[in-house]
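Subject: Handover of a structure and notes on its contents

Dear colleague,

Please find below the structure that I am handing over to you. My notes on it follow, and I would be grateful if you would read them alongside the coordinates.

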Amino acid sequence: MEKRISGTTGLFTLLGSPVGHSGSPAMYNFSFQHQGLDYAYLAFDVQKDQMPQAIDALRLFKVRGSNVTMPCKTVAATLVDDLSPAAKIVGAINVIVNDDGKLTGHITDGIGFVRNLKENGVDVKGKKLVVLGAGGAATALQVQCALDGARAISIFNQDDSFYANAEKTQAKLHDAKPEVEVNVYPLADQAKLKAEIADADILVNATIVGMKPLDGQSLIDPSFLRSDLVVADTVYNPLKTTLIEDAEKLGCTVAPGKGMLLWQGAAAYTLFTGQEMPTDAYQAYEA
Ligand code: NAD
């Protein structure tokens, strides 16, 4: 480290709270070193109300770029100079690129989701998706799938504060991508859920169900699945959710959340450095 960090080293950061558990510093610092890039990556615990100061600090210290995590993704989108097309629709960012003082916000969660499908042999173009959830991960992937040419998206959510989010996404996509058919249904309508899955190509769980401590639970009755359905999950802890296990048993193509996590980080790395992240080398190192 003392040989790697010098007076010219460019800094990248992670802003949010908590950040102590994040795998990003290890992943990016490994990748910078692997590719001989004179950069370092550090995490800073920042609360929502401290974000204006944190963004000023990015400018002051000429920080090259930053990731933004919970709970700061939405406020950060209001503080940068420009937004990517997806970030404009989502209204939240997880990446900031500092281009000589101009800060541009991007959202790579949806990009990571689409890439994870692609790595598993599935293209969203022309496909109908059923997505469970309307929170941060769900919104990002719904918007990216629409931008990337999905034919239809049916959103199911339980009756909570996120339901209105789904309706907002539906309205925003109606303006931005009117050719994509977006519908919103209550998760309690199991007959509708069954019918929509029967008519879909890809089923996605983007809720917290399946994630620890809700592991062992699934929102989908296995009888709703069929072998030619693609099943994706945003949950990456555990690596295989009950939904993914049920789908695998039936022979479905699956895309678990760990891949989305890797590829959203890799997309940020490309925005930061202009290079592909050495994902194979990092995965071998991590194993
Ligand atoms: P969020 O809090 O923004 O949204 C939570 C969603 O879960 C809402 O739609 C809510 O209605 C739904 N929900 C909560 N409890 C439920 C229940 N009992 N039954 C049905 N629905 C329920 O969360 P988020 O940030 O969108 O994260 C969702 C999941 O996606 C988490 O497991 C998170 O770890 C994961 N995630 C993964 C990645 C990745 O790169 N793989 C990125 C972001 C988030």
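Leaving aside its neighbours within four places in sequence, with which residues is Ser-17 in contact? The contacts of Ser-17 are Asp-45, Val-46, Gln-47 and Pro-71. Please note that everything reported here comes from a predicted model.

Ser-17 and its surroundings

Ser-17 sits in the loop that joins E1 to H1. This residue counts as partly exposed, because 16 C-beta neighbours lie inside 10 Å. From Ser-17 to Asp-109 there are 92 residues in sequence, and the C-alpha to C-alpha separation is 18 Å.

Ser-22 is found in the loop between strand E1 (10-16) and helix H1 (24-34). Ser-22 is partly exposed, with 14 other C-beta atoms within 10 Å. If neighbours within four places in sequence are left aside, Ser-22 is in contact with Leu-14 and Ala-43. Gly-23 also belongs to the loop between E1 and H1. With 11 C-beta neighbours inside 10 Å, Gly-23 counts as exposed.

The unreviewed UniProt entry places the feature "binding site" at Ser-22, Gly-23, Ser-24, Thr-69, Asn-94, Asp-109, Tyr-236 and Gln-264.

The ligand and its shell

The ligand is surrounded by 26 residues, and the closest are Gly-135, Ala-137, Thr-207, Thr-234 and Leu-261. Helix H5 (109-119), helix H6 (136-147) and helix H10 (257-273) are the elements that give two or more residues to this shell. The largest share, four residues, comes from H10. Sorted by class, the shell holds 14 nonpolar, ten polar and two charged residues.

For "binding site", the unreviewed UniProt entry also lists Gly-133, Ala-134, Gly-135, Gly-136, Ala-137, Thr-234 and Gly-257. Two of these residues can be described further. Gly-135 lies in the loop between strand E7 (128-132) and H6, and it counts as partly exposed, with 17 C-beta neighbours inside 10 Å. Gly-136 lies in helix H6. Is Gly-136 buried or exposed? Gly-136 is buried, because 22 other C-beta atoms lie within 10 Å, and the cut-off for a buried residue is 20 or more. Apart from neighbours within four places in sequence, Gly-136 is in contact with Lys-73 and Ala-92.

Helix H5

Of the eleven residues of H5, nine are buried, so this helix is largely enclosed by the rest of the structure. The buried residues in H5 are Asp-109, Gly-110, Ile-111, Gly-112, Phe-113, Val-114, Arg-115, Asn-116 and Leu-117. What covers the buried residues of H5 includes helix H4 (85-90), H6, strand E11 (230-233), strand E12 (253-255) and H10. After H5 comes Gly-121, whose phi is positive, near 85°.

The chain as a whole

The chain contains eleven helices and twelve strands. Its radius of gyration is 19 Å, close to the 19 Å that the globule rule gives for 287 residues, so the chain is as compact as a globular protein of that length. Along the principal axes, the C-alpha atoms fill a box of roughly 60 × 40 × 35 Å. Buried residues account for 45% of the 287 residues. Of the contacts between residues at least 6 apart in sequence, 65% join residues at least 24 apart.

The nonpolar core

In soluble globular proteins, nonpolar side chains tend to be buried together. In this chain, the largest nonpolar core has 87 residues. The residues with the most contacts inside this core are Ile-93, Leu-129, Val-131, Leu-141, Ile-153, Val-204 and Val-231. The largest share of the core, nine residues, comes from H10.

Which residues does Val-204 touch, not counting residues up to four places away in sequence? Val-204 touches Leu-129, Val-131, Leu-132, Leu-141 and Ala-232.

With kind regards

Key: Residues numbered from 1 in each chain as written. Predicted model: local features only at pLDDT ≥ 70, side-chain atom pairs only at ≥ 80, totals over all residues. Near = placed C-beta within 6 Å. Nonpolar A, V, L, I, M, F, W, Y, C, P; charged D, E, K, R; others polar. UniProt positions renumbered as here; feature names shortened; annotations may be inferred. Buried ≥ 20, exposed ≤ 12 C-beta atoms within 10 Å, placed from the backbone. Contact = placed C-beta atoms within 7 Å. Rg over C-alpha atoms; globule rule 2.2 N^0.38 Å. Core = buried A, V, L, I, M, F, W, Y, C linked by C-beta atoms within 7 Å.
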